[in-house]
Amino acid sequence: MSTKSADSIAIEEGRVPAAIEPGRGYQVGSGDNEEGGCSKCLSTLLLVVSIILVIVTLPISIFMVVKQVQEYQRAVIFRLGRVKKGGSVGPGLFFIIPCVDSISVVDLRTVSFDVPPQEILTKDSVTVAVDAVVYYKIQNPMASVCNVENASVSTKLLASTTLRNILGMKNLSEVLSDREHTAAEILRQLDVATDPWGIKVERVEVKDVRLPQQLQRAMAAEAEASREARAKVIAAEGEQKASRALKEASDIMSESPAALQLRYLQTLSQISAEKNSTIIFPLPMEMMNQFANQSSHSR
């Protein structure tokens with residue numbers, strides 16, 4: 001003989017709303033279930049009394065009945081604690097029943113906020129402070145009012161924890177060099193998590209990554225040593241190319257003695273253009289040897 005729980009029997013008989021069935025979460029709009037007879041009569045009585053009061057107090061009550069929201073706003077109306085059928089209203093004028101209706105106004109414009117600097121331990125055990133900026137907007141006013149107590153505060157807290165979780169799985173080099181991919185990953189996770197709240201995350205940007213002072217000095221020393229090494233290699237390559245060019249030039253000049261004399265004259269022209277008072281003119285040793293031989297013969 002099979003046994004059933006009291007909840008399952010009640011659900012089968014239709015005495016319990018389907019919104020609390022096992023395995024099904026509560027959804028906005030499930031409050032439109034059948035009410036008890038006493039509750040329904042009381043709601044109708046309060047509604048009639050409120051309408052009578054509005055009519056009796058005219059035209060003063062018109063200021064409490066007519067409400068207005070801007071183009072970028074929407075209003076969610078609760079009548080006796082239940083969401084009014086038809087969803088959010090606005091923009092423009094709409095009517096409510098005092099003492100029965102309450103409204104919650106939602107701003108649909110894009111909102112930006114700074115994520116406070118988060119002290120994060122990266123995958124390679126380096127502590128960094130990272131801050132970011134998030135842009136989001138409310139695209140479903142009903143969900144933002146009914147599914148979360150404070151959509152703005154909840155989104156800010158979730159952005160902080162998401163930033164810490166994602167950067168904690170990356171190395172320092174990835175955090176410093178791959179900011180676009182990190183921002184895209186944060187955006188994807190935030191957008192998925194805030195979708196039930198009626199929020200659309202539009203953009204996430206990693207603003208600054210601050211390193212400890214000791215690590216900054218170590219990285220600066222490493223970068224300076226690397227630059228010096230590259231400078232020495234470049235200077236050595238330049239000397240090698242210059243010596244090779246000089247060797248080729250000397251080979252060409254050795255084939256034509258007149259080319260060396262022309263080079264002497266060009267050097268003299270360059271020196272004289274600088275308005276120097278002292279000019280050094282080199283003479284070939286062959287000419288000096290000829291003068292020496294002539295002097296020895298004359299003796």
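I take the expected span of a helix as 1.5 Å times one less than its number of residues. Helices (H or I, at least four residues) and strands (E, at least two) are DSSP runs, numbered from the N terminus.

This is a predicted model, in which local features need pLDDT of at least 70, side-chain atom pairs count only at pLDDT 80 or more, and totals for chains, interfaces and linings use all residues. Residues are numbered from 1 along each chain as its sequence is written, and side-chain values use heavy atoms, with hydrogens and water left out.

**Helix H7**

I checked the length of H7 (residues 179-194) first. Its 16 residues should span 22 Å at 1.5 Å a residue, and its end C-alpha atoms are 22 Å apart, so the two agree.

Next I looked up burial (buried is under 20% relative accessible area, exposed over 50%, partly exposed in between, with a 1.4 Å probe and protein chains only). Thr182, Ala183, Glu185, Ile186, Leu190, Asp191 and Thr194 are the buried residues of H7. They pack against strand E7 (127-138), helix H5 (151-167) and strand E8 (199-210).

**Nonpolar cores**

I define a nonpolar core as a set of buried Ala, Val, Leu, Ile, Met, Phe, Trp, Tyr and Cys residues joined through side-chain atoms within 4.5 Å. The largest one has 29 residues. Which of them touch the most other members? I find Val115, Val128, Val130, Val134, Leu163, Leu190 and Val209. Strand E6 (111-121), E7, H5, helix H6 (172-177), H7 and E8 each give two or more residues to this core. E7 gives the most, with six residues.

I then followed Val115 (contact means heavy atoms within 4.5 Å). Neighbours within four places in sequence aside, Val115 is in contact with Asp131, Ala132, Val134, Ala159, Ser160 and Leu163. There is also a second, separate core of five residues, among them Val69, Ala75, Ile77 and Ile96.

**Rings**

Rings of Phe, Tyr and Trp (its six-membered ring) pair if their centres lie within 6.5 Å; planes under 30 degrees apart count as stacked, over 60 as edge-to-face and the rest as tilted. I found one aromatic pair in the structure. Phe113 counts as buried because its relative accessibility is 7%. Tyr136 is buried too, at 4%.

I also looked for a charge over a ring (NZ of Lys or CZ of Arg within 6 Å of the ring centre and within 35 degrees of the ring normal). Arg109 lies over the face of Tyr72, at 3.8 Å from the ring centre.

**Salt bridges**

My rule asks for a side-chain nitrogen of Lys or Arg within 4 Å of a carboxyl oxygen of Asp or Glu. The count comes to eight salt bridges.

Arg109 turns up again here, in a salt bridge with Asp107 (2.8 Å, N to O). Arg109 is partly exposed at 45%, and Asp107 is partly exposed at 28%.

Lys170 and Glu185 form another salt bridge (3.7 Å, N to O). This pair links distant parts of the chain: Lys170 in the loop between H5 and H6, Glu185 in helix H7, 15 residues apart. Are these side chains buried or exposed? Lys170 is buried, at 10%, and Glu185 is buried, at 19%.

Arg203 and Glu205 also form a salt bridge (2.7 Å, N to O). Arg203 is partly exposed at 47%, and Glu205 is partly exposed at 31%.
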